[in-house]
Amino acid sequence: MLIRSTATLAALFLFDAAPQVQAADKPTDPQIAHIAYTAGVLDVEAAKQALKKSKNKEVIDFAKDMVRDHEAVNVQALDLVKKLKVTPEDNATSKALTKAAAEERAKLAKLKGAAFDKAYVDNEVAYHKQVNGALETLLIPSASNAELKGLLETGLKIFQGHEQHAEHVAGMLK
Amino acid sequence: MSQRYPWIALALAIGAGQARADTIQVTIDKLVFSPAVVEAKVGDTIVWVNKDAFAHTATVKGGWEVMIPPKKSASLTLKTAETADYFCRFHPNMKGRLVVASR
């Protein structure tokens with residue numbers, strides 16, 4: 001279930017990043033800003049679900065870290081798009097991310113206790129891995145504005161940190 | 001660095017026999033501890049200056065932890081001679097090392 005949605009998105013990103021894709025198919029800065037912002041919002045939503053459902057201290061602490069960091073990144077992102085007078089533009093990748101996240105939340109809503117904790121944290125590992133892949137191979141190379149690229153690079157370091165953090169929490173749940 | 005010498009001279013002059021403890025700054029910017037490796041002595045104080053909008057920690061596995069709030073500083077006075085590899089608990093890809101010698 002998790003594997004399917006992740007694979008769908010991986011395919012989407014791979015398709016987007018495929019070398020034969022024309023330069024015109026590369027995401028524009030307004031689209032990149034939208035994708036990065038959406039990715040953050042979705043992880044905050046996932047964390048808020050975990051804060052409601054989980055009773056595990058490690059999971060709750062991790063979810064709080066996600067809310068704090070992603071909201072801080074997105075404040076910076078909003079400040080930057082305002083400064084650059086860029087209007088984030090919805091696009092197929094943002095839509096696919098949003099759809100997959102909604103499906104994941106619906107699946108997680110049916111789980112309880114340790115089963116929920118494990119599924120949430122496993123998905124956090126997969127989600128950050130997937131977003132990091134997109135940042136590295138598609139979004140950062142496609143960004144034309146230097147400040148946007150810089151913020152994405154910082155975002156990548158944050159997300160890589162979260163991926164390791166999530167892996168650590170996943171290890172503790174076993 | 002040069003600012004240290006008058007103090008050393010003063011310490012020698014008054015026969016204190018012990019050099020003044022230093023304060024050593026480690027800057028955190030864009031999820032990087034800089035300098036990543038710090039050599040210090042027992043009694044010195046490390047000050048982490050966090051320029052990021054994100055909270056970080058300096059954490060030694062099974063040891064001490066310093067919380068470093070966004071856009072704030074936090075400090076630790078070194079009490080034991082040790083080589084301490086530390087990381088940020090929130091972003092474990094951030095790593096630093098303190099090499100603490102006895103005085």
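Visitor: How many residues lie between β1(B) and β2(B) in the hairpin that they form?

Guide: Residues are numbered from 1 along each chain as its sequence is written, while chains are lettered from A and ligands numbered from 1 in the order in which they are written. Helices (H or I, at least four residues) and strands (E, at least two) are DSSP runs, numbered from the N terminus. In the turn of this hairpin Lys30(B) has a positive phi of about 50 degrees, and the number of residues between β1(B) and β2(B) is 2.

Visitor: How many bridges join β1(B) to β2(B)?

Guide: Two strands pair if DSSP finds at least two bridges between them. One bridge sets Ile28(B) against its partner Phe33(B) in β2(B). The two strands run antiparallel, and the number of bridges joining them is 3.

Visitor: In what order do the strands of the open sheet of chain B stand?

Guide: The edge strands are β2 (32-34) and β7 (73-77) of chain B, each of which pairs on one side only. Neighbouring strands are turned against each other by 20 degrees on average, direction ignored. The pairing is mixed, and the order of the 4 strands is β2-β1-β4-β7.

Visitor: In which sense, parallel or antiparallel, does β4(B) pair with β7(B)?

Guide: Strand β1 (residues 23-29) of chain B pairs with β4(B) in the parallel sense over 6 bridges, and Val47(B) in β4(B) is the bridge partner of Gln25(B). Val47(B) also stands opposite Ser75(B) in β7(B). Between strand β4 (residues 45-50) of chain B and β7(B) there are 5 bridges, and the sense is antiparallel.

Visitor: Which peptide bond of chain B is cis?

Guide: Pro35(B) has its place in the loop between β2 and β3 (37-41) of chain B. With omega near 0 degrees, the cis bond is the one from Ser34(B) to Pro35(B).

Visitor: At what angle do α5(A) and α6(A) pack?

Guide: Two packed helices are described by the angle between their axes and the distance between the axes. Axes are lines fitted to C-alpha atoms, for helices over the stretch in contact, and angles run from 0 to 180 degrees between N-to-C directions. Helix α5 (residues 113-142) of chain A and helix α6 (residues 146-173) of chain A have their axes 9 Å apart, and they pack at an angle of about 155 degrees.

Visitor: Are α5(A) and α6(A) roughly parallel or roughly antiparallel to each other?

Guide: Angles under 35 degrees count as roughly parallel, over 145 as roughly antiparallel, 65 to 115 as roughly perpendicular and the rest as oblique. The contact of these helices has 13 nonpolar, 5 polar and 10 charged residues (Ala, Val, Leu, Ile, Met, Phe, Trp, Tyr, Cys and Pro count as nonpolar, Asp, Glu, Lys and Arg as charged, and the others, Gly among them, as polar). The relation of α5(A) to α6(A) is therefore roughly antiparallel.

Visitor: How many residues of chain A are in contact with chain B?

Guide: Two residues are in contact if their C-beta atoms, placed from the backbone, lie within 7 Å. Chain B contributes 12 residues, and the number from chain A is 13.

Visitor: Which element of chain A has the lowest mean pLDDT?

Guide: The mean pLDDT of chain A is 89, yet pLDDT stays under 50 over residues 14-24 of chain A. Where pLDDT is low, the predicted coordinates should not be read in detail. Among the elements of chain A, α2(A) has the highest mean (97), and the lowest (49) belongs to helix α1 (residues 2-17) of chain A.

Notes:
Predicted model: local features only at pLDDT ≥ 70, side-chain atom pairs only at ≥ 80, totals over all residues. pLDDT = per-residue confidence, 0-100.
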